[in-house]
Amino acid sequence: MATTQVLEQEQELTPERLIEDYKTLKRARQHSSMASANWVTVLAHECEAYAVFNRTVPPNERRPLKESLGMLFAEGNDQARAIKRDLLDAGYEVEGAEDQMAWPRYQITGRQDLKIRRPGTKRGVNAEIKSCSPFTFDSINSVADLRHHKWSFVRKWDRQVCLYMVLQSVSRYWLILKNKSTGAIKIIEYTLGDEELQVAEALIGKAERVNRLVQIAQMPGAEQKLSDPDVCGECEFLHVCLPEMEFGPGAKVLTEESASELAQKTERLLELRPLAKEYEALDDELKEEVKALCADGSEQVVYGDYVATVKRIQVNGSPEKVVPAKPGYVQQRVTFIRAAAP
Ligand code: SF4
């Protein structure tokens, strides 16, 4: 009897158990293997050295991906699978997305993209699916938005698509974007033009340089390293690459002991930074919407549990003799409060 009770206790399902099993599944879906060729996604990375290390550093010698980052990648793949399922349910013919394709001449491999066809229409379209936050989703409405986006991971999507178009000799391509919050989708249509060719040629040139280094077993030089603290800090090859970061001549290097608290706080700060950027973007967007709603002179907007207040402050212009003179203007400050208890 006692043995049965112990067994039952051991087998009881707990939230922790389920969450751990879920994470294990997601981890298992992240492939980490030694690349024998240049993956399109890796060539699209801004750092050339990264592409060399991806082919020369064994997985067990890499820094582990942050768990949150790994989950994010797995989520992206799941969203792509979900769209494919939805399109099939909507009666479309959808091929690909599971197989690998290869261009041996440049030692490039990539995942087969989707080929979408609507029964009764003349031709199908090659497509790539990406899912993103509502703010990223709203910020992308054209190829130019992707190409010049402030986030490097978005610019990477553009490079990927350009390379796929050239390697597959297709002149038309869709990037299907999914808003992870609302489920809405939008399509950015690509047509192969001079700019797309240039982007793809740059990546093919990068593949050829990487191939040469791998062949002669030579590590990348400093000029091939991105050496950007923002990107390198997350890089799985940082400890192998040891990129030269710019420390000014007046830099003070602390000992490990005296730096530990500072390092912990800095780590937390960097964790919060993406949220801060998201906060700023949303803050700007909301305030502009409220100002537009109050363009008729209203001072408050009441909606749901919230009240937004617009305060107009007269800002005096600078005197004429200050060059250039600045005219006065009315500054509008918007504040939000929750009117009801949460
Ligand atoms: S650490 Fe920086 S420079 Fe080195 S491979 Fe990674 S991204 Fe490139």
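Arg-172 is found in strand 7, which covers residues 172-179; helices (H or I, at least four residues) and strands (E, at least two) are DSSP runs, numbered from the N terminus. At 37% relative accessibility, Arg-172 counts as partly exposed. On this scale, buried means under 20% relative accessible area, exposed over 50%, and partly exposed in between, with a 1.4 Å probe and protein chains only. Leaving out residues up to four places away in sequence, Arg-172 touches Val-125, Asn-126, Met-165, Glu-189 and Tyr-190, where contact means heavy atoms within 4.5 Å.

A word on the model before we go on. It is a predicted model, in which local features need pLDDT of at least 70 and side-chain atom pairs count only at pLDDT 80 or more, while totals for chains, interfaces and linings use all residues. Residues are numbered from 1 along each chain as its sequence is written, and side-chain values use heavy atoms, with hydrogens and water left out.

Now step back to the chain as a whole. The protein chain has 12 helices and 11 strands, and 32% of its 342 residues count as buried. Take the contacts between residues at least 6 apart in sequence: 58% of them join residues at least 24 apart. The accessible surface comes to about 22,400 Å², with 54% belonging to carbon and sulfur atoms; such areas come from the Shrake-Rupley method with a 1.4 Å probe, and for residues only the protein chains shown count as cover.

Next, let us look at a pair of helices. Two packed helices are described by the angle between their axes and the distance between the axes. Helix 4 (residues 48-56) and helix 9 (residues 194-215) pack at an angle of about 45°, with 10 Å between their axes. That makes helix 4 oblique to helix 9. From helix 4, Glu-48, Ala-51, Val-52, Arg-55 and Thr-56 meet Lys-206, Arg-209, Val-210, Asn-211, Leu-213 and Val-214 of helix 9. The residues of this contact divide into five nonpolar, two polar and four charged.

Thr-56, in helix 4, is worth a visit of its own. Thr-56 counts as partly exposed, at 28% relative accessibility. Apart from neighbours within four places in sequence, Thr-56 is in contact with Met-34, Val-214 and Met-219. Thr-56 and Ala-35 are 21 residues apart in sequence and 7.8 Å apart in space, C-alpha to C-alpha.

Helix 8 (residues 152-167) holds Arg-159. Arg-159 is buried, with a relative accessible area of 17%. Setting aside residues up to four places away in sequence, Arg-159 touches Ala-44, His-45, Glu-46, Ser-152, Val-199 and Leu-203.

Finally, turn to the backbone of two loops. Most residues other than glycine have a negative phi. Ser-227, although not a glycine, has a positive phi of about 50°. Ser-227 is placed in the loop between helix 9 and helix 10 (229-232), and counts as partly exposed at 23% relative accessibility. Leu-242, also not a glycine, has a positive phi of about 45°. Leu-242 lies in the loop between helix 11 (238-241) and helix 12 (256-293), and is exposed, with a relative accessible area of 62%.

Notes
Axes are lines fitted to C-alpha atoms, for helices over the stretch in contact, and angles run from 0 to 180 degrees between N-to-C directions. Angles under 35 degrees count as roughly parallel, over 145 as roughly antiparallel, 65 to 115 as roughly perpendicular and the rest as oblique. Ala, Val, Leu, Ile, Met, Phe, Trp, Tyr, Cys and Pro count as nonpolar, Asp, Glu, Lys and Arg as charged, and the others, Gly among them, as polar.
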